[in-house]
Amino acid sequence: MSAGALTVPLRTRARRQPGPLRVAWRRPQTKTGALIALLTIALALLGPLLAPHSATQFVGPPFSPASAGAPLGTDYLGRDVLSVTLDGGRSLLWMAFAATTLGVGVGIALGMIAAYSRNLLDDLIMRLLDVLYAFPYIVLVLLFVSLLGSNQALIVLLVGVGWLPGVARTTRGITLEVITRDFVNAAAIIGIPRRTILVREVLPNLSTPLMVEYALRLTWSVGLISALSFLGFGVQPPASDWGLMINQNRDGLAANPWCVLAPIICIALFAIGTNLIADGISRSVAGIDREILP
Amino acid sequence: MSCVEVSQLRVELSGVRADIVDDVSFEIEHGEIVALVGESGSGKSTIGNALLGFARRGARIASGRVEIDGLSVLELGPPALRRARGRTVAYIPQDPSAALNPALRIGRQLEEGLERHNPQLSGAQRGEAIAAGLSEVDLPNGREFLRRYPHQLSGGQQQRIAIAMAFLLRPSVIVLDEPTTGLDVTTQRRVIETVRQLCERHGTSALYVTHDLSVVANLADRILVAYAGRIVETGPIDAVFAEPAHPYTRRLLAALPDVGSRRGLEPIPGRAPAPRARPSGCAFRERCEFAIGACATAPPAPVELPGGRSVRCLRVHELPSSAGLSPAPARAIPAQDTILIVRDLIASYGQHRVLHDVRFALGSHECLALVGESGSGKTTLARSIVGLLSSWQGEIVYAGGPLAPQVRARSSLIRRELQYVFQNPYSSLNPRRTIGDALSLPIEHFFHLRGRARRERIAGALERVSLPAAYADRYPDQLSGGERQRAAIARALVCQPRVLICDEVTSALDVSVQAAIVKLLHELQLEQGLALLFVTHDLALVRSIAQRVIVMHAGRIVETGETDAVLTQPSHEYTHRLLADTPRLVPAPTEPGVPVS
Amino acid sequence: MSISLRPGGRARRSAFGRARGREPDRSRPRSGVGARWILRRIALGVVVVWGCSVLIFFALHALPSDPAQAILGKQATPQALAHLRSFLGLDRPVISQYLSWLGNLLQGHLGRSYATQQPVTVELMPALEDSLCLLAATAAISIPLAILLGALTALRRDGVLDRGSLFVSLLLTAVPEFVIGIVLVIVFATVVWRVLPAVALLPAHADPFSHPRQLALPVLTLVLAVVPYLYRLVRGTMIDVLESEYVTMARLKGLSEWTVVMRHALPNALIPVTQASAIIMSYLLGGIVVVEYVFGYPGIGTLLTQAISSRDIPTIEVVSIVLTAGVVLFNLTADVLTVLLTPKLRTGGQA
């Protein structure tokens, strides 16, 4: 048989499966999630421009029901609920994004370093993170915030640091598994430096799990930061955000439920949106649902 | 009436009209052992499962009859089917370490079948039956042993437990699904012996599903050859091996290495069609050298041949005789220098020493096989040479100069010239990068080529391994196992190596694909003047591919020499044993001075 | 605390050569569990708690905030402040403050609250008891519920129950606990219906279980926060196990479906579930801080937030230590249970 007869005929298989991101996009839940999340972001960013009144203006007696001037009624101070709600998302969302980006970014770096060094450094990093992991994080955040004052940068830092152990652990786990695979050995044999291998060969394998981590942590960041505001340790009056609004207006629930419902709906929408995105991406890769614990 | 009668069995993919197997009909007589042989994708496991009325997730038994001792298995309702499973027809799984419940003691798992199917037995009687069953498979039957968990047994012991479990209920027929995969040669031989003895003793019929023809050569009475979901040939096993009739069986046997004689392995062009992409008519016609127009119209009906054989081929009576394959000529060793010398190599993993004073030399144009079972140290040796393992002592001399243990300490030239191909085609290519990217890595690193020059190199390398240039833009998951292994070889070739170390590169591949890779390596060796260090556990493969062979055991070299000499007149006792345990297509002739075990 | 949440793991197919060694899991014993391993884990736990205590102590004392100021208010005179500071021992070096605090702690003196001037224990014990009741009630409801729901949805995949539960769990896991709590208040206590109290007004020193109506909403909130995670884990594990080779083998041996599920599937599936339950419990210790605040429930969460607002350092320290110890204890329980339930870890590899 001549060598020509050995030529493998061009495969007639269907087109390659698109990357996980595109498969994820096709799922209805990802599209819905992205839509909802983007809607909420738009609301938060453009809100103040659309609001009928300024967020600090008094338009009527406190807890009055919906009227022409105040479509959702007034809050505990007599301000227009709609305006306050439209104003209350910006700080929450920017802090959530910043904290998540910080936590996930540094977490990835730490995880990869720990995985690739496989020696004292690895042990050290993971043990420190273990100590952090052990603690009910909200307590730690409360402590620091109460003592140092409620400062947006501080909250971003603290919340971000809280995600480090989980992200580092996930990254480290996947990296460890990937670097035992032979294509990494193949690169090592020809002398490619470790750094390059990590970026060129290992990182692409991490992209999907890390996208899921990001979306999930974003969901929890919004939850944690709004909880801080709710407890009174976040933004301080007279400024208001969605979390604080809920606490401030609790007493008037019977009189005007909208002053609590409006911020609740906003928080819920954003969190559900990002959660749907996370779920869509993770299901497009794994066949069966997996849940990541906090 | 036969013990097992299968007629027109059809199993489909759930939810799609595509079939996995179709029009499968065969019989098994009482006490007969029938081998069902095929490569991956042939549907052999599916047929085996169907005997138990079982289809894996994603498959569905669509139609047909399976009768075991008169009982029509496929028509049974769930309770009756459960009664039949284990009692009338039993199953021995491929991977016993996964098939035994890790949380239950062995004794419990042995007992529950008896409890279920023979409730009239008392506890003491069950105990006796289990004790007898364990002795039959050469396992201890004391209480202490029964209290163990599966992870406390070796692979061979686990498989023997599975065998004992199956025979305990005295079923009429046993389905064995590749039961010796992953076992070393000696354990494999013992398992097969056990199966044969027990089948004889209890008069049990067996269907032995496997991809390894040599394993069944001395075990089965008849053989069924499966291809693309059809049975293409049946007959007594000796007759079929001596003179295969169907074109696929011929090609399959021509691709099979045999430790008894040197064979030039002939690959089969093309690849087996997947369930949804099967061609009309005869499924093999696209790869068949004898195909004619009529082969495309309809799947051929079985043609009866004398001697109890049947073949699904339109042209079976016109084909030339296939009896007697002459051994391939010996490969001459061209004039060469020594390119690699290993002296007094000692390697350890932590405290555990893995290699003891290894020494050998590799010529610059020869193919040297490094043979041994798992744990012999052959992979450690290969990795030490290429720099993946750097904790060794001793001396390795490459092209006259000493080789540093660390890859980073070696010169760029050495790193380029000493290349390695890995065993597992599924993990040696990055799933998130294209084939072209994978090949670019060494090209950029060593030759600093960009743009068109680089693309041309890539296309050239792909062509040399017979892959289409368009594959440069494909991802590994779009390629088959054999194609990935070729891509991995291309990646090594692109460096223009002088020494290529192949670490069990065909162990995960089908026989015909293995033949293609071996032929490719041989051609490349001649073309490029390469030295090949071929690491394998398969002695039969060694016979076909290597000029010289090194046999390793427990970290030491026990024998070296020219392949034919070592494999016909081994001098070391370990080599003897290895040879005796390696299954052959044709039983070894008794020669004076060679003990038959 | 590196716990891997998968039972046994799928065995690698041996055709590809021997399986690669796995990364050694430091939380598991190398040679079977024994008293030594447990003692080592306990010691590690103690170290972690001690580490947290150091962290908190120094954070509280080294940060720029003056407890004396917080107690006496803005009108306080400098002399009064100085007097209070020396009375509280705040003018000594931080390290000596820490050592005397640690010494007192080990002798059982938990300090005196700045706010109430009484030993911390007076407020701590009832609050701790109330919180434990809350946690116990939550665990008693959520763990069996999650196991049941997880098993049912795994057995009937893609059915109505499965899809409905997944949808609801997506909503519940996204939303923070206090939002769940407030929504429940809206639905059950104020706007929609008025059947349950919006604030859990437990009389002091009363047994919470004798006031179920007060417990109802806080427990429901915590249950709704936790069950979605837990049941999905059970579901995932059950699916894994139901598709494993050994379950298939059990079916091929002709065993009844009941035997297959109860003897082969469930025991293996419960191992990661046990781990997860313990982890969820430790997660809840953070959750109760918020939930108790929402409902005014007099537990240690409320105690902590009040102490933080009033800069009551001794109380803060003690409550933080208690919470940390609780987390460590739950994690330790998870580890020990995992080892006890997994024969391979119990016997430590090949005999």
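Over which residues near the end of chain A does pLDDT stay under 50, and how many contacts beyond four places in sequence does the model have for them?

## Confidence in chain A

This is a predicted model, and the stretch asked about is residues 287–294 of chain A, where pLDDT stays under 50 and for which the model has 18 contacts beyond four places in sequence. Chain A as a whole averages a pLDDT of 81, with 86% of the residues scoring at least 70. Where pLDDT is low, the predicted coordinates should not be read in detail.

Among the elements of chain A, the lowest mean pLDDT, 66, belongs to helix α1 (residues 20–26) of chain A, whereas the highest, 92, belongs to helix α8 (residues 182–189) of chain A.

## The folds of chains A and C

Of its 294 residues, 54% are buried. When the contacts in chain A between residues at least 6 apart in sequence are considered, 71% of them join residues at least 24 apart.

Chain C is built from 13 helices and 0 strands, and 44% of its 351 residues count as buried. For chain C, 72% of the contacts between residues at least 6 apart in sequence join residues at least 24 apart.

## Where chain C touches chain A

The contact between these two chains involves 48 residues of chain C and 42 residues of chain A. On the side of chain C that touches chain A, at least two residues each come from α1 (35–62), α6 (160–174), α7 (177–190), α8 (212–242), α10 (257–295), α11 (300–309) and α12 (313–341) of chain C. The element that gives the most to this side is α10(C), with 8 residues. Sorted by class, the side of chain C that touches chain A holds 34 nonpolar, 10 polar and 4 charged residues.

## Where chain B touches chain A

Chain B also meets chain A, with 34 residues of chain B in contact with 24 residues of chain A. Helices α14 (435–447), α16 (481–493) and α17 (511–528) of chain B each supply at least two residues of the side of chain B that touches chain A, and α14(B) gives the most to that side, with 3 residues. By class, the side of chain B that touches chain A consists of 17 nonpolar, 9 polar and 8 charged residues.

## The domains of chain B

Chain B is divided into domain 1, which covers 101–169, and domain 2, which covers 338–581. The C-alpha centres of domain 1 of chain B and domain 2 of chain B are 43 Å apart.

## The largest nonpolar core

The largest nonpolar core has 357 residues, and those with the most contacts inside it are B:Leu370, B:Leu533 and B:Phe534. The element that gives the most to this core is α10(C), with 21 residues; α10(C) is also the element that gives the most to the side of chain C that touches chain A.

Once its neighbours within four places in sequence are left aside, B:Phe534 is in contact with B:Cys367, B:Leu368, B:Ala369, B:Leu370, B:Cys502, B:Ile545 and B:Ala546. One of these partners, B:Leu370, is itself among the residues with the most contacts inside the core.

Key:
Residues numbered from 1 in each chain as written. Chains lettered and ligands numbered in written order. Predicted model: local features only at pLDDT ≥ 70, side-chain atom pairs only at ≥ 80, totals over all residues. Buried ≥ 20, exposed ≤ 12 C-beta atoms within 10 Å, placed from the backbone. Contact = placed C-beta atoms within 7 Å. Helix = DSSP H or I, 4+ residues; strand = E, 2+ residues; numbered from the N terminus. Nonpolar A, V, L, I, M, F, W, Y, C, P; charged D, E, K, R; others polar. Domains from an automatic or database assignment. Core = buried A, V, L, I, M, F, W, Y, C linked by C-beta atoms within 7 Å. pLDDT = per-residue confidence, 0-100.
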